[in-house]
Each structure stands twice: as C-alpha cells, then as structure tokens.
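These are my notebook entries on a structure that is new to me. I set down what I looked up, entry by entry.

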Amino acid sequence: MKKPWKIVGRHVVLAILAFIWLIPIFWLIVTTFSAQKGINTNHFFPEHWTLANYHQLFFEPDSAANFPAWFKNSMIIGIFSCLISSCFVIMTAYAFSFIEFKGRKGLMSFSLILGMFPGVLSMIAMYFILKMLGLTDSVVGLIIIYSGASGLGYLILKGFFDTIPVSLHEAAKLEGASEATIFYKIVVPLSKPMIVYTVINSFLNPWMDFVMVRLMIKSKNPSDWTMALGLFNLLQRALVNQYFAYFCCGGLMIAVPISILFIIMQKFYVEGVTGGAVKG
Amino acid sequence: MKKIGNYFKDFGLAIAHGDIWVKLSLIIMGAGYFGRKQFMRGILMTLLQVGVLASIFGVFAPYMSKLNTLGTVQREEIFDIVTMKKTVNNYDNSLLILLYGIIGILVIVAFIALYIGNVKAVYRIQKMAEEGEHINSFVDDVASFKNDRFHITLLTLPSLGVILINVIPILFMVCIAFTNYDENHQPPTYLFTWVGIKNFVNLFTTSQTITFGYAFVRVLIWTLIWAVLATVTTFLGGILLAQFINHEDTKLKGMWRTLFVITIGIPQFVTLLLISKMFGDNGIVNTFCANVGILDFFKHIGLLSAGDAFIPFLSKPGWVHVSIILVNIWIGIPYQMLVATGILMNIPSDQIESAKIDGANKFQIFWKITMPYVLFITGPSLIQSVIGNINNFNVIYLLTSNYKTANMAMANSHAVEPDLLITWLFRLTNEYSNFKMASVIGIVTFVICAALSLLTFSRMIGGDKEGVYR
C-alpha cells in the first residue's frame with residue numbers, strides 16, 4: 001500500500017523546488033512597490049510600500065527612462081516581425097514538406113549549414129549594411145533583422161506537416177485542386193495548433209531578444225530604444241541606484257502578458273516542441 | 001561531378017541544335033520567346049537582362065575592380081583658405097568596396113545561371129513547337145506559379161530574406177577575417193586591406209605582445225565544458241522534474257507545472273539581470289549569507305580567505321563558472337520540463353507495464369526504459385542544444401556584463417574568464433572594434449558547430465525518415 005508520508009514528502013519536495021524557482025520573481029514583484037529607488041540589499045521586503053514606481057513608469061518619462069516609448073517600439077517590432085516571419089516559416093515549411101521539386105534536398109542541407117553560423121557575427125555585417133541604407137536606430141531596420149532570415153526556422157513546422165497523410169494531398173490533387181488551394185483549404189486548417197505555436201514564437205522572439213538590439217541601436221536617445229535595451233541600460237552603475245525599482249516595474253509589466261500567454265499555451269507548447277522531434 | 005558535366009553539356013547542345021531564335025537569345029535574352037509569340041515573357045526577360053547588366057556595369061564594376069587592394073586612396077580633408085570650407089578628396093572606402101564587391105559577384109553568378117537556364121528553356125520550347133505541343137501563353141505561365149511552380153512562389157521571398165540577412169553578411173564576415181580591419185583601420189577615415197591568414201596565426205599565438213593563443217585555449221575549454229554541462233544538467237533535471245510532477249501520487253499536476261512555467265514567461269534579459277543584482281558582491285544574497293553564517297562557514301572550510309567581506313558569486317573565476325551553471329539550471333529546467341512532459345506522455349505504456357510485471361523497480365524502469373526512449377527521440381535535438389549552448393549569449397553576457405578580469409593576459413586580448421567564444425566575439429566588436437579577430441573567432445565557432453552537426457546531419461536529412469510516419 002502507498003505510505004501517506006511518501007505522498008506528503010513528494011509534495012513537500014515539489015513545494016521547496018517551486019519556492020526556489022519563484023524567489024527571484026517574488027523579489028521582482030515586491031520590489032516594484034518599494035519606496036527605495038535603488039537596490040535594497042538588506043531586506044527582502046521593502047521597508048515602505050508605495051505605488052509611485054508604477055506612476056513613474058507610465059506617466060513620467062525622463063532623460064534616462066521612457067517606458068511608454070520602449071513599449072511602443074517593442075510592440076511595433078514584435079507585431080510586424082511576427083506577421084512577416086510567420087508567413088515565411090509557414091511558406092518554407094510547406095514547400096519543403098509537400099512539394100517534390102528539383103534541388104529540394106540541396107536547399108535543406110544548405111539551410112542547415114547556414115543555421116550553424118553564429119548569428120551575432122552576421123549581425124555585425126548587417127549593421128554595416130543597415131548603416132549604409134540609413135536604417136540603424138530605426139524600427140524598420142530591426143523588423144528586417146528579425147524577420148528577414150526567419151525562413152530558416154521551418155524545421156519544427158515541417159516536422160508537423162510531415163505527419164499530415166500524403167494521401168490527403170494526392171486525393172485533393174486528383175480532384176483538380178491546385179497546390180495553392182491545397183495549401184489554403186486543407187493544410188492550413190489542419191495545422192491550426194502548430195500555426196498558433198509558430199505565430200506566438202515569432203512574436204516572442206523579437207519581444208524577448210536582447211543581443212540584436214544591443215548591436216543595432218547606438219542612439220543615445222531613450223525614445224529610440226526597445227524595452228530590452230532600455231531596461232538593460234537602467235542597471236548600469238550610474239543609474240541603478242535611482243532606477244532599480246523602475247526596472248522591476250518595467251520587467252513585471254512585460255512579463256505579465258507573456259506569462260498569461262504561456263500558461264494558456266502550455267498544451268500547444270508541449271505539442272509544438274515535441275511534434276518536430278517525435279516525428280523525426 | 002556528372003551533374004555539373006551534364007549541366008554544361010545541355011547548354012552546348014542547346015546552342016548547337018537551336019534555331020535562329022535560340023541563337024538570338026544568346027544576345028537578347030527575350031528573343032527566343034518573341035519567336036514563339038510569348039511576347040509578355042520576352043519583354044520581361046529582356047527588361048531583366050537590361051536591368052541586371054546596367055546595375056553590374058553602373059554600380060558594381062567600379063567597386064569590384066578595387067577588390068584586390070580594397071582601395072588605395074585614403075581620405076584627406078583639405079581646408080581651403082579662400083572659400084573657408086573643408087573639401088574632401090575622392091577617397092576609397094574599403095568597407096563599401098568589399099560589400100559591393102561581394103554583392104556584385106553574387107549578382108554575376110546568379111545572372112550567369114539565369115542566362116544558361118534561359119537558353120535551355122528557349123531550346124526546350126523550340127522542341128515543343130517542333131513536336132506541335134501546346135506552348136504556354138502568359139496566362140498559363142502565371143497560373144503555373146499556383147501549381148507546378150508553387151514552390152517558387154512560396155520560397156522566393158523567404159530565400160531573398162535569407163540571402164540578404166544571412167548569406168551576404170556571412171560571406172562578408174568571412175572575408176573580414178582575412179583583412180586587417182580593426183580599431184586602427186576604420187573606414188571611412190582609414191583603409192583596410194588583405195593580410196592573408198595572419199589573423200588565424202595570431203589566434204593560436206602566445207607571445208609577449210599577442211596573448212590571443214592563451215585566451216583562446218581558456219575560452220574554448222570553458223565554452224565546451226559549459227555547453228556539455230548546461231545541456232546535460234537541464235536535460236536530466238527537466239526529465240526528473242517532469243517525471244516527478246507526472247507521478248500518479250502527485251495532486252494538482254497542472255498547478256505545479258504552471259508554477260515552473262511562469263519563470264519562462266519572464267524575458268531572460270529581465271530575470272538574468274535581476275539575478276545578477278541578487279548575487280552581486282553587495283547583493284541581497286550576500287547579506288543573507290553573512291547573516292546566517294554561510295560566509296563564515298566558507299571561510300572556515302577554506303573556500304574564502306579570512307579578509308573577504310563577501311562571497312564573489314559573479315566576480316571571481318571558479319565562483320562565476322559554478323554560479324553560471326547553477327543559474328542556467330534555474331533558467332533551463334522549466335523549459336526542458338515542458339518538452340519532457342510531451343515526450344513522456346507518448347511513451348508506450350505496454351513496455352512499462354510488462355517491466356513492472358517482471359518485477360522491475362522504479363529505477364530500473366527509469367534507466368532501462370524511459371531514458372533510452374527519451375534519448376532515442378531527443379538524441380538529435382540534444383546535439384542541437386549543445387550547439388545552441390555554445391552560442392548561448394544571454395546567460396553569460398547578462399550575468400557577467402560588469403565582470404572585470406584580474407588576469408592581464410586575458411585582459412590583453414579583451415577576454416574575461418566567464419566568456420564563451422560568442423561573448424568574446426561580441427565584446428571584441430562592440431567595445432573594441434576588433435572586427436578581424438571577431439571574424440576569425442566566428443569562423444572557428446562555425447567549424448566546431450558544423451563538426452558537431454555532422455553527427456546528426458545524416459539522421460536529419462540523409463537517413464530520410466519523413467515518409468515513415470505518413
């Protein structure tokens with residue numbers, strides 16, 4: 001028979017683990033209410049509680065911190081990159097999965113090799129190119145960076161497409177449907193969960209990215225920055241004692257929508273991440 | 001090789017056996033289509049030819065002619081006393097020469113391929129006409145892009161994006177590795193030029209003035225240790241946690257999972273920066289450790305000397321390496337837990353049942369059935385995640401952005417102890433404008449990743465398993 005202490009022990013272990021995992025997040029949340037602007041190194045909980053940091057975050061942009069502008073920039077970049085890269089990924093995955101054309105294997109191998117090159121390095125060259133085009137420090141330049149090469153990320157979705165029975169495809173062809181019709185009328189509706197997963201990923205990728213922005217944006221004007229760059233800058237030595245609570249507020253504000261999205265998407269995520277792997 | 005031979009043989013045949021229209025299309029690319037009354041296609045092809053040739057001679061040729069030297073005329077400003085204005089001479093910009101040179105070469109290669117393909121296509125149409133087959137009208141051609149040539153419709157834009165954002169920059173940076181482009185040779189003020197494999201030699205050199213060899217070995221070893229440890233710890237941890245949560249005795253499975261998933265929802269640049277402040281020299285964790293006596297305990301067992309006022313979690317070699325691995329476990333396990341949950345749900349339960357009947361205990365089941373199954377499925381993706389960790393920029397850079405090294409030989413080559421190849425490369429460019437060495441390091445990283453990928457390559461493409469599950 002099951003021993004009750006074993007079951008209790010199991011839950012105690014889980015609770016301890018969850019506690020460890022949630023400490024930093026809990027600290028983030030309580031610090032947003034701290035009246036002390038810098039880092040409180042002596043106490044976990046703030047000594048005086050206030051909502052002033054949130055007011056500052058939303059309504060008092062200054063020369064170092066401009067959360068509304070950062071949020072707007074990140075949102076625009078996220079939405080447009082998401083639209084473009086979702087399309088690219090879906091199109092590439094479909095072509096590689098369903099259409100037998102000359103040079104298909106070659107292209108796929110080539111794309112794998114390309115993917116192994118460190119992205120940071122090619123982005124350095126991209127910086128020069130964008131500079132020539134006058135697109136550095138601009139939202140457009142970042143959208144190009146995030147979405148341009150997104151076609152390379154087709155593997156997971158292709159893995160899913162590969163599980164759609166090929167007979168379905170052939171039957172539709174016999175009925176006289178063109179490839180374009182099959183794409184819109186059969187494959188896209190069948191793959192809704194995976195497409196939702198792709199879309200969300202394409203949005204989160206620019207939303208959570210730090211390194212590209214750091215390379216591409218050299219502007220000293222905070223209203224040109226995105227959230228990643230702005231929040232990073234607040235923790236520099238000269239600013240951290242004035243803006244740590246502000247940083248925590250900002251961090252929490254961008255985390256809330258994503259966390260909710262993640263919790264809802266858990267199921268899709270599990271399917272999406274494993275779908276490609278399981279199906280080889 | 002045979003394929004390449006055939007490619008040119010077909011081209012020769014087309015010229016030899018083609019009629020006047022095919023031969024004309026050697027000069028005017030649209031001519032062959034005019035001959036078969038495909039006027040629209042002919043006009044478009046001719047326009048394309050004119051446009052490409054104009055751009056090659058008008059835009060790219062002046063740059064390409066200077067590719068061998070990357071420019072010879074340095075920028076000079078002359079102050080004119082009469083007009084009181086500065087005038088600038090007609091100087092060369094090495095950066096533009098290299099960039100336009102590369103793009104020009106790509107355009108020419110693409111144009112030659114198009115040219116040969118065009119002649120062959122025209123010849124094919126000639127044959128079809130001779131045999132009285134239907135020749136596509138322009139409307140048919142357009143329609144074919146929704147059908148036979150749908151892959152072209154689908155892949156054109158993504159491919160263009162990849163060429164612009166990936167291929168050209170990669171070629172460009174590979175070239176930079178063979179030049180002397182660094183802080184002392186920055187266009188437009190200064191020129192840079194080809195130096196052969198000198199930079200590669202420097203990377204493996206350790207001498208009085210050059211310490212790249214010293215730093216490189218250390219950074220490389222740490223990169224490899226990090227990649228393996230980071231992958232293995234999070235992978236095993238993720239499976240164990242998923243097993244633990246999925247166990248039949250666990251109540252409220254969804255809630256536990258959600259608690260861990262919340263940590264993925266916060267962007268890494270927020271959590272990592274936050275953690276770097278928590279574990280800072282004067283951070284809250286150090287305050288806590290001093291208060292409960294952990295600091296004294298470490299001093300007692302000799303991990304810290306008596307004079308240390310804090311635990312250098314993120315500021316001393318050794319400490320920082322351990323901290324990074326631990327923080328990465330914190331970051332990585334929830335994600336791996338999600339992946340593992342998906343895989344564990346699909347484990348064939350009959351195997352586990354029969355093992356149970358045969359009297360296997362839990363550990364035997366885990367190591368003999370669960371793990372082999374999980375490894376079988378995730379094997380290729382494991383190597384992929386080792387590669388991902390070699391290029392894992394965020395964890396290292398955000399945790400150690402304020403790290404200062406005490407090792408002069410490292411500092412001399414602008415590396416710090418916790419650097420991976422990728423963060424070293426980043427520091428070299430972003431803070432020191434040393435593009436030549438950054439490119440060399442990038443190429444070395446690529447070679448390492450490519451070698452690792454060869455292990456999975458055959459499984460992903462060569463041993464085509466696409467059809468098996470259909």
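**Entry 1: confidence by element.** I looked up the mean pLDDT of the elements of chain B in this predicted model. Strand β1 (residues 77-80) of chain B has the lowest mean, 78. The highest mean, 91, belongs to helix α9 (residues 212-246) of chain B.

**Entry 2: confidence of the chain and the complex.** I then looked up chain B as a whole, which averages a pLDDT of 85. In this chain, 96% of the residues score at least 70. I also noted where pLDDT stays under 50 in chain B, and found residues 461-470. For this stretch the model has 15 contacts beyond four places in sequence. For the complex, the predictor gives an ipTM of 0.85 and a pTM of 0.84.

**Entry 3: domains of chain B.** How is chain B divided by the domain assignment? I found domain 1 at 2-196, and domain 2 made up of 203-279 + 314-464. Taken over C-alpha atoms, the centres of domain 1 and domain 2 of chain B are separated by 41 Å. I recorded 10 residues of domain 1 of chain B in contact with nine residues of domain 2 of chain B. By class, the domain 1 side of this contact has five nonpolar, three polar and two charged residues.

**Entry 4: a helix pair in chain B.** I next examined helix α10 (residues 253-265) and helix α14 (residues 319-345) of chain B. Their axes come within 8 Å and cross at roughly 120°. Because of this angle, α10(B) and α14(B) are oblique to each other. I noted the crossing of α10(B) and α14(B) as left-handed.

Which residues of the two helices meet? From α10(B) I listed B:F260, B:V261, B:T263 and B:I264; from α14(B), B:P334, B:Y335, B:M337 and B:L338. By class, this contact has seven nonpolar residues, one polar residue and no charged residues.

**Entry 5: chain B against chain A.** Finally, I looked up how many residues take part where the two chains touch. I found 82 residues of chain B in contact with 75 residues of chain A. Helix α7 (residues 150-176) of chain B supplies the largest share of the chain B side, 16 residues. Sorted by class, the side of chain B that touches chain A has 48 nonpolar, 27 polar and seven charged residues.

Note on methods: Residues numbered from 1 in each chain as written. Chains lettered and ligands numbered in written order. Predicted model: local features only at pLDDT ≥ 70, side-chain atom pairs only at ≥ 80, totals over all residues. Contact = placed C-beta atoms within 7 Å. Helix = DSSP H or I, 4+ residues; strand = E, 2+ residues; numbered from the N terminus. Nonpolar A, V, L, I, M, F, W, Y, C, P; charged D, E, K, R; others polar. Domains from an automatic or database assignment. Axes fitted to C-alpha atoms, helices over the stretch in contact; angles between N-to-C directions. Parallel < 35°, antiparallel > 145°, perpendicular 65-115°, else oblique. Left-handed = near helix turned anticlockwise from the far one by under 90°. pLDDT = per-residue confidence, 0-100.
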